[in-house]
Amino acid sequence: MITRTAHETQLSFAGKPPLENEQLAQRLNEIADLLDAQSANSFRRQAYRNAAETIRRLTRPVWQILAEEGTEALTRLPGVGKSIARILKRLCETGHAPLLDQLRGAFGPEEKLATVPGIGPKTAAAIHDVLGIETLGDLQAAAYDGRLTRVPGIGQKRLQAVRETLAGRFRQRRAAVRVLDATSESRRGTKAHRLRLVADLLSVDEEYRRKAQADELLRVAPRRFNPNGEAWLPILETERVGHRYKAMYSNTARAHELGTVRDWVVIFHDVAAERGQWTVVTSKFGKLRGKRIVRGLERECAEHYAHPPAHTLSLFDSTLKE
């Protein structure tokens with residue numbers, strides 16, 4: 001068996017550091033969540049969650065296993081079949097997988113949130129509008145950190161029902177709480193952390209909209225709200241100080257209803273072992289009216305614009321000169 005160095009292995013993965021095991025596990029769990037939203041076969045959904053737990057517990061990086069032993073070695077792991085092994089290989093090589101991209105484009109946040117008993121379409125839309133929540137993981141975090149009670153119609157009984165449903169939906173409560181803790185800590189975080197995050201997200205938003213307008217991005221054909229099968233949705237994959245981001249227009253029922261599809265930009269990110277999803281929009285109210293803001297981080301956005309970091313100024317200056 002030939003063992004490669006980490007440097008040689010990274011070169012074999014398109015010159016980028018491959019995703020770590022925790023990030024891969026989060027991608028598999030997201031696939032399971034999205035399959036939940038379309039009421040897919042329960043065994044199929046559970047297969048992705050089982051595989052995620054296996055990958056999370058490995059002591060060796062998946063990318064190293066692939067580099068040294070190939071895809072076949074992954075199929076010898078508990079709960080990892082050939083199709084999931086191929087998805088893991090694609091994620092390590094490129095950072096994304098076609099199945100996950102398709103599911104993200106096919107199901108918007110309202111549909112995903114409405115799969116939770118006690119949350120109908122109207123409540124799901126309210127949760128999305130008020131809190132900017134778009135994933136079940138973020139919904140679970142909001143159910144524990146107090147944000148969910150800010151949504152009209154969410155009382156203590158409904159809150160408890162949401163908590164219990166989500167705890168049962170994830171395979172193990174301990175694993176769900178671990179995701180909750182990471183997400184909640186990110187939401188609260190330190191002030192410096194939140195300001196850095198806002199600077200990153202606004203920078204990614206600017207890059208995405210500029211390149212989308214210039215037709216410089218790969219376009220995919222989402223299944224939702226796209227009867228002609230047109231490849232109209234631009235996708236951006238980029239990095240900021242080693243953190244990976246993916247951005248796309250919000251192809252949701254609410255965005256289409258309000259005519260804001262090309263204003264709302266959804267950004268997925270992985271910071272360390274944390275998965276996050278944020279929406280950047282143009283503010284219509286107050287002192288930030290007309291400026292791009294991150295939902296849920298309005299205060300940090302105001303401070304960002306009042307005292308922008310030097311590196312952000314230079315980035316925007318160079319953008320304007322192009």
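Tutor: A residue is called buried when its relative accessible area is under 20%, exposed when that area is over 50%, and partly exposed in between, with a 1.4 Å probe and protein chains only. The model is predicted: local features need pLDDT of at least 70, side-chain atom pairs count only at pLDDT 80 or more, and totals for chains, interfaces and linings use all residues. Residues are numbered from 1 along each chain as its sequence is written, and side-chain values use heavy atoms, with hydrogens and water left out.

Student: Is Asp205 buried or exposed?

Tutor: Asp205 is found in helix 13, residues 191–213; helices (H or I, at least four residues) and strands (E, at least two) are DSSP runs, numbered from the N terminus. Contact means heavy atoms within 4.5 Å. Leaving aside neighbours within four places in sequence, Asp205 touches Val265, Ile267, Val280 and Arg292 by that criterion. Because its relative accessibility is 1%, Asp205 counts as buried.

Student: Which residue forms a polar contact with the side chain of Ser203?

Tutor: Ser203 also lies in helix 13, and its 4% relative accessibility means that it counts as buried. A polar contact is a pair of N or O atoms within 3.5 Å; within protein, one must be able to donate a hydrogen and the other to accept it, and residues adjacent in sequence count only if both atoms are side-chain atoms. At 2.9 Å, the side chain of Ser203 is joined to that of Arg240.

Student: How far apart are the end C-alpha atoms of helix 6?

Tutor: The expected span of a helix is 1.5 Å times one less than its number of residues. Helix 6 has 13 residues (82–94), so it should span 18 Å, and the model agrees: its end C-alpha atoms are 18 Å apart.

Student: What arc do the buried residues of helix 6 cover?

Tutor: Ile84, Ala85, Ile87, Leu88, Leu91 and Cys92 are buried in helix 6. They lie on the same side of the helix because their arc around the axis is only 160°.

Student: Which exposed residues does the face turned away from the buried side of helix 6 carry?

Tutor: An α-helix has 3.6 residues a turn, so residues three or four places apart point the same way. On helix 6, the face turned away from the buried side carries the exposed residues Lys82 and Arg86.

Student: Which element has the lowest mean pLDDT?

Tutor: pLDDT is the predictor's confidence in each residue, from 0 to 100. The protein chain averages 77. Strand 6 (residues 292–294) has the highest mean, 92, and the lowest, 40, belongs to helix 16 (residues 310–321).

Methods: Arc of directions from axis to C-beta.
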